[in-house]
Amino acid sequence: MKNILLRVSLKGSLRTFLLLIKYVINSKVVCTDGADFELNLHVLWINPISGILMVKKYEGDEAGSGPGSFCIPRAVLDALLDAKASAYEICSYLVLARFTEATGQYSSASISAVNRYTGANKTKGGPVDRAIERLKTIRAKGKKTVSNGRSGKSHQMVEQVVDLGPILFDRDTWQDQTGEILPDGPTERGRILYILPDFGESIEDRIWFGGNLVKGVGDFGQPLKALKNAGDVAARLLLLLYAVHDMETWGGVRPAGEGAGPWQHYEPVADANQLCGGVRLIRAKAAGMVGSFAMFSRAWSTPTSSQPWWDAHAAAGGPVFQALTALESCGMLYEVVLVLNRNADKKQFSSGEEYGGIPADAEPLYELDCRTQHGYKPQGEVGIGGATANTAGALGHSVALEGGVFDGTYAAIVLQGNPAMIAGIYRLRFRVANPKNVGVSGAWARIHQNNREAFELVQKVRIKNGLPALAPTDGDFRPSEKKAYATPRKASTHSRDDLPF
């Protein structure tokens with residue numbers, strides 16, 4: 001079911017208004033982006049608060065039949081983490097948020113919908129009922145700048161934490177407290193059941209999700225059921241990963257800088273080799289995950305203990321690393337192996353072991369591979385690791401074991417004198433992917449342009465060394481979100497496809 005919104009003036013004459021309705025019913029609606037929608041209308045009505053003419057077009061048996069995208073306020077993410085929300089509570093909130101209208105506040109999702117998408121026990125008073133009841137008690141907090149109340153040189157402005165209120169209201173409680181007339185749809189299915197306050201956050205600044213995180217797609221029929229089964233730490237960690245998912249710069253979860261997420265470090269297996277053609281060959285092998293205290297400590301907090309956090313985390317069996325592994329194994333994310341434009345920094349883990357860290361100013365040069373545990377590499381995300389490995393092997397620097405067995409070692413070819421390193425970042429599968437969203441098409445254009453230029457460099461090296469040119473794999477340099485198990489390209493059912501992710 002699609003909502004198409006037309007803003008009309010209620011000050012005009014009734015005759016003008018009726019003519020407008022007649023025009024809408026018997027014509028096309030021409031949207032601001034130039035797209036036409038043929039309408040087969042069932043009903044029109046006026047939102048009494050906003051003065052917006054609501055036009056319903058039914059295309060399926062349930063509201064929001066397309067993949068779409070949705071968002072949650074950052075204040076809600078902080079509130080859920082501060083409250084140590086359970087997997088059921090996080091999944092329930094995501095379902096409610098998925099079935100909101102354009103503002104992201106009014107949800108028509110029912111308890112039965114939450115049960116269905118999470119695969120929950122449907123008994124009355126079951127885990128979903130309890131989760132929603134607790135969500136209504138979780139309160140968001142914000143900060144405001146106030147005077148410290150002093151005068152003269154002692155006066156200064158200080159930040160003060162303020163209570164913003166609950167992150168979820170049921171319909172009756174909201175109406176009792178506000179008296180608002182809710183923007184219900186024309187049928188019982190469109191009745192607003194829950195209100196998710198936005199706390200004044202602009203819609204562009206919120207955290208965005210692909211709609212298929214809730215509804216599923218392809219082999220991933222019930223992603224939230226898998227998330228629920230992965231546990232509380234995994235659910236909290238997933239929220240944190242969405243908060244730092246940066247497709248425009250990194251093509252995935254940001255691994256360096258403020259709020260950096262986890263990544264895979266690759267350590268050199270040999271010194272770099274100088275090749276004919278003014279390039280050098282770097283070979284590195286996967287050596288394990290790297291995570292930051294700033295993020296991991298929000299997903300898992302230590303029980304009362306005098307131990308340092310990392311020691312307590314290790315003693316508990318590494319629950320956040322286990323959660324990251326669970327998210328990868330259930331298909332929520334996958335690794336993308338990159339060549340970066342900086343040399344690795346020498347850093348140490350809390351154990352004292354050294355590793356090559358990612359400098360804060362590093363950027364991706366090109367992609368080598370997309371490593372997914374589900375055997376599916378989305379078209380256009382294969383990378384050029386096959387070309388670099390083939391070339392390295394042909395020049396006597398194989399990255400494979402005897403018999404061509406892959407052991408996690410990759411080859412990167414870069415210009416001599418240029419800094420470079422290999423690292424693996426995480427890309428969320430159910431991300432905002434519609435190219436109409438600001439930044440999406442540009443991000444993929446950059447990724448594939450970088451890969452194309454790197455592939456051309458490899459071709460020149462092969463020619464210089466008397467090797468035959470390689471034929472590019474079909475789709476290596478063309479993004480195809482339409483076929484990926486991220487969100488397909490169909491327009492959002494929430495009329496948000498012109499918004500950034």
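Predicted model: local features only at pLDDT ≥ 70, side-chain atom pairs only at ≥ 80, totals over all residues.
Trainee: How many of the residues of strand β23 are buried?
Mentor: Strand β23 covers residues 421–428.

Trainee: Which strand is joined to β23 by 8 bridges?
Mentor: Strand β15, residues 263–268, pairs with β23 in the antiparallel sense over 2 bridges, and H265 stands opposite A423 there. Another strand also runs antiparallel to β23, and its residue V339 has I422 as bridge partner. The strand joined to β23 by 8 bridges is β18, residues 333–340.

Trainee: Is R427 buried or exposed?
Mentor: R427 lies in strand β23. A residue counts as buried under 20% relative accessible area. The relative accessibility of R427 is 0%, so R427 is buried.

Trainee: With which side chain does the side chain of R427 make a polar contact?
Mentor: Leaving out residues up to four places away in sequence, R427 touches several residues, among them H245, M247, G251, E381 and W444. The side chain of R427 reaches the backbone oxygen of G251 at 2.6 Å. Its polar contact with another side chain, at 2.7 Å, is with E381.

Trainee: Which residue of β11 stands opposite S107?
Mentor: Strand β7 and strand β11, residues 194–195, run antiparallel and are joined by 2 bridges. Opposite S107, the residue in β11 is Y194.

Trainee: Which residues are closest to the centre of the largest pocket?
Mentor: The largest pocket holds about 820 Å³ of space. Its lining consists of 40 residues, and those closest to its centre are V290, G291, S292, F293 and W310.

Trainee: How many residues of the lining of the largest pocket are nonpolar?
Mentor: Several elements each supply at least two residues of this lining, including α2 (74–82), α9 (232–243), β15 and β17 (279–290). By class, the lining has 6 charged and 12 polar residues, and its nonpolar residues number 22.

Trainee: Which elements give two or more residues to the lining of the largest cavity?
Mentor: The structure holds 2 cavities of 30 Å³ or more, and about 60 Å³ of space lies in the largest cavity. Residues that line the largest cavity include W250, L338, P364, L365, R446 and I447. The elements giving two or more residues to this lining are β21 (364–371) and α14 (440–464).

Trainee: How many charged residues are in the lining of the largest cavity?
Mentor: This lining includes 6 nonpolar and 2 polar residues. The number of charged residues is 2.

Trainee: Which side chain does a polar contact of 3.4 Å join to that of N273?
Mentor: N273 lies in strand β16, residues 273–275, and is buried, with a relative accessible area of 18%. Apart from neighbours within four places in sequence, N273 is in contact with V279, R280, L281, R283 and H397. The side chain joined to that of N273 by the polar contact of 3.4 Å belongs to R283.

Trainee: What distance separates the C-alpha atoms of C276 and V461?
Mentor: C276 is found in the loop between β16 and β17 and is partly exposed, with a relative accessible area of 40%. Not counting residues up to four places away in sequence, C276 touches V461, K464 and N465. Although C276 and V461 are 185 residues apart along the chain, their C-alpha atoms are separated by 7.0 Å.

Technical notes: Residues numbered from 1 in each chain as written. Heavy atoms only, no water. Buried < 20%, exposed > 50% of the residue type's maximum accessible area, 1.4 Å probe, protein only. Helix = DSSP H or I, 4+ residues; strand = E, 2+ residues; numbered from the N terminus. Pairing = 2+ DSSP bridges. Polar contact = N/O pair within 3.5 Å; in protein donor to acceptor, adjacent residues only side chain to side chain. Contact = heavy atoms within 4.5 Å. 1 Å grid on protein atoms, 1.4 Å probe; cavity = no way out; pocket = protein on both sides within 12 Å on 5 of 7 lines; lining within 4 Å. Points joined across faces, edges and corners; volume = space filled by probe spheres on them. Nonpolar A, V, L, I, M, F, W, Y, C, P; charged D, E, K, R; others polar.
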